[in-house]
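Here are my notes from going through the model, in the order I'd look at things. Have it open while you read.

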Amino acid sequence: MDEFDLPLGDIDLPPGEVAYDPNAMTILDPRAKERLSHSTLKLARSCERKYQRTRLLHNRQPRETSPSLSFGKAFGAGAQHYMLLRTLGHSPQVALDSALHEAWLQYWPIEEDERKFQTRVIRTLELSQPFQERMLLRYEIAEFRGKLASELSFRLDIDDRYYFVGYIDLVLRSRDTGRYAVTDYKTTALRGEDLSPYYRYSDQGIGYSIALDAIVGAELAEFDVSYWVAQLAGNGKAALFDARFSEYTFAKTLRDRFEWFLKLYFDVNYLKSLRGLDVYPRRDSCKAYNRVCNFFSDCGLTATDRPALYVPDDIVYDFNYSLDDLFEDHRRRLSIITSA
Ligand code: SF4
């Protein structure tokens, strides 16, 4: 879950500090916009009631955090920082020291368990250095408006209510082939030599690739999505400070992106149906990543449901799109390709 998944404006302070104002604008107001992201849609697919409780209702539960989320965020921030500093000409040692510091700062909230903790992030980043150096030999970071293309944000307006947002970790250009890749760092405890089935058809990189044309400055018919995965080792004390690193890169085309637009459209129509019926079914996703859902104890209690308070999204995004425009643009481009 990233910052985009926190409910907009649902002020979540301890009971008594903020009086819930029933006259304030809520997420149910026809003027309210609803922000979606890759993980919000995953949340909605995993349990509609959890999506409702997290995104649409005033939420007195602590925001859902976990050691895995804090760990993954800190690792990604540190690894990205390393790539940026190396690209800017800093030595491996300076880049690593600075990346470790960045990861330490980004490990927030400080949620730890026996497998995910701050010193393990630091060790994992140190171990990732040879992998990152190999990647630097193969890729360079693209530039956008005179800056390295890192941590760029986009907003895609779907209709009057819903919009989709994302942050792109890195946009890279292969030094050998010149192909561009939307790249995302991942950490996982999954076992196995080949994790490609987990990533090959992930929607995340495809969705984020909508910003590629603007970054590259040309209409691309083909591109790559790449997941750089830190695979945390298995059981045992020694394994806690070990990790392996793999690159999973997949060739994608405009057709893949067009398919993503369709899925987004279907997902939003489903959310609209839920909203129209005011029905949010429960699904058996009550335990994930070894944690019980925050709403487990009072999930069935609906008498106290109150709509989330609404505050407009004031983030300035690097890219702004409308789904209708992108749809038409891709239809045009696909017809040119198929008629050639
Ligand atoms: S407790 Fe289970 S059914 Fe209820 S919101 Fe959480 S995941 Fe859904």
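Predicted model: local features only at pLDDT ≥ 70, side-chain atom pairs only at ≥ 80, totals over all residues.

1. Staying with α3: how many of its residues are buried? The count is 18 of the 21, so the helix is largely enclosed by the rest of the structure. After α3 comes Gly89, with a positive phi near 100°.

2. The buried ones are Lys50, Tyr51, Gln52, Arg53, Thr54, Arg55 and Leu56. Part of what covers them is α1 (38–46).

3. Lys50 and Arg53 are among the residues around it, together with Cys47, Arg49, Arg282, Arg283, Ser285, Cys286, Cys293, Phe295, Phe296 and Cys299. Sorted by class, the shell has six nonpolar residues, five charged and one polar.

4. Next, the pair α4 (residues 92–106) and α5 (residues 118–138). Their axes are 10 Å apart, and the helices pack at an angle of about 145°. The crossing is right-handed. From α4, the contact uses Pro92, Leu96, Ala99, Leu100, Ala103 and Trp104; from α5, Gln118, Val121, Ile122, Leu125, Glu126, Gln129 and Glu133. That makes nine nonpolar, two polar and two charged residues. On the spacing of such contacts, an α-helix has 3.6 residues a turn, so residues three or four places apart point the same way.

5. Have a look at the loop between α4 and α5 as well, where Pro109 sits. The peptide bond joining Trp108 and Pro109 is cis, with omega about -5°.

6. The other helix pair I'd check is α9 (residues 254–277) with α10 (residues 323–339). Here the packing angle is about 150° and the axes are 10 Å apart. Which hand does this crossing have, left or right? α9 passes α10 in a left-handed crossing. On the α9 side the contact involves Leu254, Arg255, Arg257, Phe258, Phe261 and Leu264, and on the α10 side Leu323, Leu326, Phe327, His330, Arg333, Leu334 and Ile337. The classes come out as nine nonpolar, one polar and three charged.

7. Two non-glycine residues have positive phi. Arg145, at about 50°, is in the loop between β3 (143–144) and β4 (147–148). Arg145 has 9 C-beta neighbours inside 10 Å and therefore counts as exposed. Asp278, at about 55°, is in the loop between α9 and β10 (287–288). Asp278 is exposed too, with 8 other C-beta atoms within 10 Å.

8. Last, Asp224 in strand β8 (residues 222–232). Is Asp224 buried or partly exposed? Partly exposed: Asp224 has 19 C-beta neighbours inside 10 Å, and a residue needs 20 or more to be buried. Beyond its neighbours within four places in sequence, Asp224 is in contact with Arg179, Tyr180, Ala181, Thr249, Phe250, Ala251 and Lys252. Arg173 is 51 residues from Asp224 in sequence, yet the C-alpha to C-alpha distance is 9.5 Å.

Note on methods:
Residues numbered from 1 in each chain as written. Near = placed C-beta within 6 Å. Nonpolar A, V, L, I, M, F, W, Y, C, P; charged D, E, K, R; others polar. Buried ≥ 20, exposed ≤ 12 C-beta atoms within 10 Å, placed from the backbone. Helix = DSSP H or I, 4+ residues; strand = E, 2+ residues; numbered from the N terminus. Axes fitted to C-alpha atoms, helices over the stretch in contact; angles between N-to-C directions. Left-handed = near helix turned anticlockwise from the far one by under 90°. Contact = placed C-beta atoms within 7 Å.
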